[in-house]
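Hello,

Here is the structure I promised to pass on to you. Have a look at it first, and then read my notes below.

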Amino acid sequence: MNTVYKETCQAVVVGAGHAGCEAALACARLGIETVMFTVSVDSIALMPCNPNIGGTSKGHLVREIDALGGEMGKNIDKTFIQSKMLNVSKGPAVHSLRAQADKSEYSRSMRRVLENTDHLSIVQAEVAEILTEGSGENRIVKGVKTASGAIYEAQAVILCTGTYLRARCIYGDVSTYTGPNGLQAANHLTDSLKKLGIEMYRFKTGTPARIDRRSIDFSKMEEQFGDEKVVPFSFTTDPDTVQIPQVSCWLTYTNEKTHEIIRNNLDRSPLYSGMIEGTGPRYCPSIEDKVVRFADKNRHQVFIEPEGLYTNEMYVGGMSSSLPEDVQHAMYSSVAGLEHVKIVRNAYAIEYDCIDARQLYASLEFKKIHGLFSGGQFNGSSGYEEAAAQGLIAGINAARMIQKKDPLILDRSQAYIGVLIDDLVTKENREPYRMMTSRSEYRLLLRQDNADLRLTKIGYEMGLISEERYQELLEKERQIEKEIKRVEKVFVGTSEEVQELLEKYESTPLHSGISLAELIRRPELNYEILEPLDPDRPRLLRGVAEQVNIHIKYDGYIRRQQKQVEQFQKLEYKKLPENLDYDEIPSLRTEARQKLKMVKPLSVGQASRISGVSPADISVLLVWLEQRKGRKN
Amino acid sequence: MKEFETIAAAATAMSSSGIGIIRISGEDAFSVMEKIFRPHNRNKNMAGQPSYTVHYGTIVDGEEVLDEVLVLLMRGPHSYTAEDTVEIDCHGGRLVMQRILDLVMRSGARPAEPGEFTKRAFLNGRIDLSQAEAVMDLIQSRNKMALKSSVSQLQGSVRQQIEKLRSRILYETAFLEAALDDPEHISLDGYAEKLYKTVEEIGGEIEKLLKSSENGRILREGIKTVILGKPNAGKSSLLNVLLGEERAIVTEIEGTTRDVLEEQLQLGDLSLSLLDTAGIRSTEDIVEQIGVERAKKQAEDADLILYVADSSRPLDESDEEILDLLKGKKALVLLNKSDLESAITPQMMEKRTNHKVLLISAKEEQGIRELEEEIRSLFFQGELDFNDEVLITNVRHKTALQRAKESLSMVMDSIQNGMPEDFYTIDLTDAYQALGTILGEEMGEDLINEIFGKFCMGK
């Protein structure tokens, strides 16, 4: 008799990267018996590319993950070695937190959390096959089978395979069939997915070399310090605990010589020789791409960033490449300060299988396979934070499916996570998708500072936020509202003290008394600066002052955006049935009909964002829906 | 129904028919009406008037009276769309109706989409289910037509200009976004001042476009037609014949018309804005001199010049002066008084000018039909669909240009008030989208493509 190992759980998570970790934690924390698979337990929460978390718009995602009860923010707060708030002078919506991580600490710390979470077990094995029952549109997930034949039965499977599916690393004419950092690739699962009718794409991304700190001449570079006062990512982290000694990054530049070396060797680049077939991202170009596409620039910035406290490896930000080894050496050592550089790990490009995410609902469940979810780079995104955000939502929704609850779908007016997922599942995506603040229409409302006010209530309803944290949020809301009202009524006279303070900040002196709020609205002043003129200011919870300041200063803009959101929501709240047969609707143009059939939008709003669906098609759809409603009655 | 924004459109064809109807529907319909309607009885509280009542008064734009009208009030759900609805019965005619529509748009309504009144009527439960398919067909077919007419309306140069302005806005937005997204690679130092200038320039260009539409371009108010000629050549008689009424004063005394008279004329589906001018001659009379100068000025701006020459009198200096004015213009030369003995023959005239020469008699109303045909063929080759759809898009263009201009001034306000850079992008994007509605294009992935295409992002 042929015997195999068999185990029954409720949810399986395939992959232990940033998506997999959040997915597994969300499931397990919601009481679902969860098994997480990884090809290497030592590579949990690995950061195979840049050594930082956050940055523009990505910092927003981390805050949102935290507000919903995810782990990424807490983990980076424990393991960062430098932190900066970017864009501080450019408006509250684009403030973005970015921290340098100690990579191995980040990974170790996340592993510790996973290992000590109830209902969660970790298994080192390659998942080779998705087990299902039924056929066609009625297929249901039953579990997974590993490469060694073991079977894990589950009601939900979440695919978070990152860049591992049929991964191939390339530089010059060297190509190896491995995942990042030489880790084992997952070569079987793609076939199983294809058999299930899932369409696969091939994307490409790349990473720069890691170099030996001892071989760098820092005297030729500009030192980049962290912020004096560090702001934590997580709303639960006590700010006092993150005021630690920080390490520096370093700025240097490429030069004409670097560019010449690159240009002279372009014919040896696998990108230009056609050896790489995958589609790469435009926002994260390799240095050879930059030199070709922006030929008029005579230098490009290069950031040298530490990979951790206990390693000499440094990351060469801005110079990812897939040029041959000898060219890499020549190119890197042409950069000021890197004349004697020793390369520890070569730069490489990596190709991997992923999906067209339009095969997913916004819940991140496959339209064709009930119980199969996916998140992260597998869905065609890029970046640790984008992955974690999807992992969290996929995890929550897998748990909710098992518990027979409605899925959590955040819309574009609620969160960057909503924008991210809506873009992925609605629009055609030809390159790894990176979050950007410009993708968010309502970004003035979706700030990183108010992620808790936007989402913690939802996290609480989902079951990932404690009662205590929820009560604190409610108190914060009350305080903000009360303080805004109070500040509007505080009267500031023309006393000497007032004029002196205004003078100090180069603000026009007062001719007559005005409200404190009016003063806060002046660009050169803010709520904090004006404290000396406000003797009755109450003690407030952390973060309240910032909210009061933003609300008073930017009230007009915020209101305008709120109005836009109201318009947006009208169409967003008009739901479309999942089983809608678009062939039944007369007068739809053929292109619109095809696109609608493929995307299967969940709301009229989502339908209107599909490229190729015109406003007239939406009108037709609305009329038809109404007619159908009439028939049913 | 609170569901929808307030919309407006002409409910009748915009032509010289006696009465034109403009319909406004939506929750703000009454407030829009209150802003622009001055009831005959000034003390009447319009908001408080019951449904199904008719009120007499004027449509006013600030202090300017646009038209005498009747206003019909219908409160939802008892109206065609089941929403609050106001119908303005005004005098027919493209100019009047367009000006009222413009005013309605500025007062809080937006132009209706093709088939939108019917769509709302259906969605609000006013139309029978069996009609739904017809409604859907209507929407799609009207949409095709609207698109066609919208595009056909934009003259090539205007379209190009809007595209150019739009791409400049996109470039600035993309630069800002790239810098906000990648602050360590792209600096915004000193950018605000530069942007201010650029935005001011673009705003100025849009203002010019708006002005050109105000000044009576062909597509808005008809073909601006100036009638020129020596005193007593029969210009005013021609105007009267064309209009079919005694509008200009016709006398035997030279120099009777001392200023410029303006009239609207509908030639089939063609709209003419006719300007009768003082006769051109050297004169000592100051009032008449001013009239002559105005006539010359009008001729410079005209889309079409009708040069009336008295065929019973020989050509002189004044005729030469007029022939000079015709150079490089669309013009027709009319030899009037063909009923009298002629001192000038068509052959003689044709030697002096490249323009077509026609024989007419304003007095006997001869040659008028031929004249109309010539005008038509001068402006339109083949058929041009001048229906109400075309005009709605016209108002739409203007609304969009105005919106873009307002958004750009808000960008300037933000810069002046020292707002952080992020705030510029909000209104820049609005301006871009507003101009896009004219071309039937949306933002889509434009911005992202521009960011990646034009600016080198780091990482």
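Let me start with a pair of helices: helix 2 of chain A passes helix 10 of chain A in a left-handed crossing (left-handed if the near helix is turned anticlockwise from the far one by less than a right angle, right-handed if clockwise). Helices here are DSSP runs of H or I with at least four residues, strands are runs of E with at least two, and both are numbered from the N terminus.

Before going on, please keep in mind that this is a predicted model, in which local features need pLDDT of at least 70 and side-chain atom pairs count only at pLDDT 80 or more, while totals for chains, interfaces and linings use all residues. Residues are numbered from 1 along each chain as its sequence is written, and chains are lettered from A and ligands numbered from 1 in the order in which they are written.

Back to that pair. Helix 2 (residues 58–67) and helix 10 (residues 384–402) of chain A pack at an angle of about 30°, with their axes 9 Å apart. Axes are lines fitted to C-alpha atoms, for helices over the stretch in contact, and angles run from 0 to 180 degrees between N-to-C directions. The angle makes helix 2 of chain A roughly parallel to helix 10 of chain A (under 35 degrees is roughly parallel, over 145 roughly antiparallel, 65 to 115 roughly perpendicular and the rest oblique). From helix 2 of chain A, the contact uses K58(A), L61(A), V62(A), E64(A) and I65(A), and from helix 10 of chain A it uses E385(A), E386(A), A388(A), A389(A) and L392(A). Contact means that the C-beta atoms of two residues, placed from the backbone, lie within 7 Å. By class, the residues of this contact are six nonpolar, no polar and four charged (Ala, Val, Leu, Ile, Met, Phe, Trp, Tyr, Cys and Pro count as nonpolar, Asp, Glu, Lys and Arg as charged, and the others, Gly among them, as polar).

A second pair is worth a look. Helix 6 (residues 256–264) and helix 9 (residues 325–332) of chain A pack at an angle of about 165°, with their axes 9 Å apart. That makes helix 6 of chain A roughly antiparallel to helix 9 of chain A, and their crossing is right-handed. T258(A), I261(A) and I262(A) of helix 6 of chain A meet V327(A), A330(A) and M331(A) of helix 9 of chain A. This contact has five nonpolar, one polar and no charged residues.

Which residues of helix 6 of chain A are buried? They are T258(A), H259(A), I261(A) and I262(A) (buried means 20 or more other C-beta atoms within 10 Å of a residue's own, exposed 12 or fewer, and partly exposed in between, with C-beta atoms placed from the backbone). On the other side of helix 6 of chain A, E256(A) and N264(A) are exposed. The buried residues of helix 6 of chain A pack against helix 8 (287–293) and helix 9 of chain A.

Y171(A) counts as buried because it has 22 C-beta neighbours inside 10 Å.

Finally, chain B has 15 helices and 13 strands, and 44% of its 459 residues count as buried. Where the chains touch, 38 residues come from chain B and 37 residues from chain A. Helix 4 of chain B gives the most to the side of chain B that touches chain A, with eight residues.

Happy exploring!
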